[in-house]
Amino acid sequence: MIFDTHAHYDDEAFDDDREKLLERMQNRGVEYIVNVGSTIQSCKSTLGLVRRFPYVYGALGIHPSSVADSKEEDLDWLKKSVYKPKIVAVGEIGLDYHWNNNDEQQKEWFKKQIEIAKEAKLPVIIHSREAAEDTYEILKETNAGEYGGIIHCFSYSVEMAKKFVDLGFLLGVGGTVTFKNAKKITEVVKEIPLDKIVLETDCPYMTPEPNRGKRNDSFYLPYVVNKVAELKGLMPAQVIHITTANAKRVYGIGNDAY
């Protein structure tokens, strides 16, 4: 069964049918989902989801685009909350230079949240947009891959992919791999071993072809599986088996966990 390693079912896009949608997941081939926080409010919503659904786990973190609106007490809350049941990672955290936010503040909060993860012995889920080198240097400097992690929605070159993998990270592959102009990620999937890749939706965003433009959810992951299988010259069942095992190991969930 498929493991969706990165979802946002707390998003308002699911307000009308969230419960019904999540209740159907395991009957439709989705074994586990990790719902990922990006603000304190979404982290609190994530805690609610993991309590209600046995196959939904959570990650708590403050997204780089949200740090400007966050306070020190939010970090204090985060330090305590990552020890709650079924919280399996700190994320999504990282750097996003696309909107020219305060780079130094982003770096400061990135490092502080890495420390929270290391203290809790949890993996990290990394958001990195137009910030490859700075992200890499901070991850290397802080030894952030000590307990594993995922570079979410990987979008950089094969060379950068290899550098992140060497630090102990897996690469998150989602709907963008199906896009016609997605040259970088298709090359990365071809070159990087499958045991270094996990599947994700980032739903409600990043919907794969042929449904691009619609709201994304975990039921669309077979399109990603099929594209990865095509690029790797494998059967879809092999892609599901290996990527699910990878996800279980990094998050410490299920029979294939460490």
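**Notes on the predicted model**

1. Three bridges tie strand β3 (residues 56-60) to β4, and the two run parallel. Bear in mind while reading that this is a predicted model.

2. D96 has R129 of β5 as its bridge partner.

3. How covered is β4 (residues 87-96)? Mostly: ten of its ten residues are buried. In a regular strand, side chains alternate between the two faces of the sheet. For β4, then, have a look at both faces, given that ten of ten residues count as buried.

4. T46 is worth a click. This residue belongs to helix α2 (residues 40-52). Is T46 buried or exposed? Its relative accessible area is 0%, so T46 is buried, the cut-off being under 20%.

5. What does T46 touch, once neighbours within four places in sequence are left aside? The contacts are D10, N35, V36, G37, G58, A59 and L60. As for R24, T46 is 22 residues from it in sequence and 18 Å from it in space, C-alpha to C-alpha.

6. Helix α9 (residues 236-251) has 16 residues, and the distance from its first C-alpha to its last is 22 Å, close to the 22 Å expected at 1.5 Å a residue. Buried residues in α9 are V239, T243, T244, A245, N246, A247, K248, V250 and Y251. An α-helix has 3.6 residues a turn, so residues three or four places apart point the same way.

7. On to empty space. Rolling a probe the size of a water molecule over the atoms shows where such space is left. How many cavities of 30 Å³ or more does a search of the whole structure find? One, and the volume of the largest cavity is about 30 Å³.

8. Which residues line that largest cavity? They are C153, G174, G175, T176, E200, T201, D202 and M206. By type, the lining splits into two nonpolar, four polar and two charged residues.

Note on methods: Residues are numbered from 1 along each chain as its sequence is written. This is a predicted model: local features need pLDDT of at least 70, side-chain atom pairs count only at pLDDT 80 or more; totals for chains, interfaces and linings use all residues. Side-chain values use heavy atoms; hydrogens and water are left out. Buried means under 20% relative accessible area, exposed over 50%, partly exposed in between (1.4 Å probe, protein chains only). Helices (H or I, at least four residues) and strands (E, at least two) are DSSP runs, numbered from the N terminus. Two strands pair if DSSP finds at least two bridges between them. On a 1 Å grid over the protein atoms alone, a cavity is a set of points where a 1.4 Å probe fits but cannot get out, and a pocket is an open set with protein on both sides within 12 Å along at least five of seven lines; lining residues have an atom within 4 Å of a point. Grid points are joined across faces, edges and corners, and a volume is the space filled by probe spheres set on the points. Ala, Val, Leu, Ile, Met, Phe, Trp, Tyr, Cys and Pro count as nonpolar, Asp, Glu, Lys and Arg as charged, and the others, Gly among them, as polar. The expected span of a helix is 1.5 Å times one less than its number of residues. Contact means heavy atoms within 4.5 Å.
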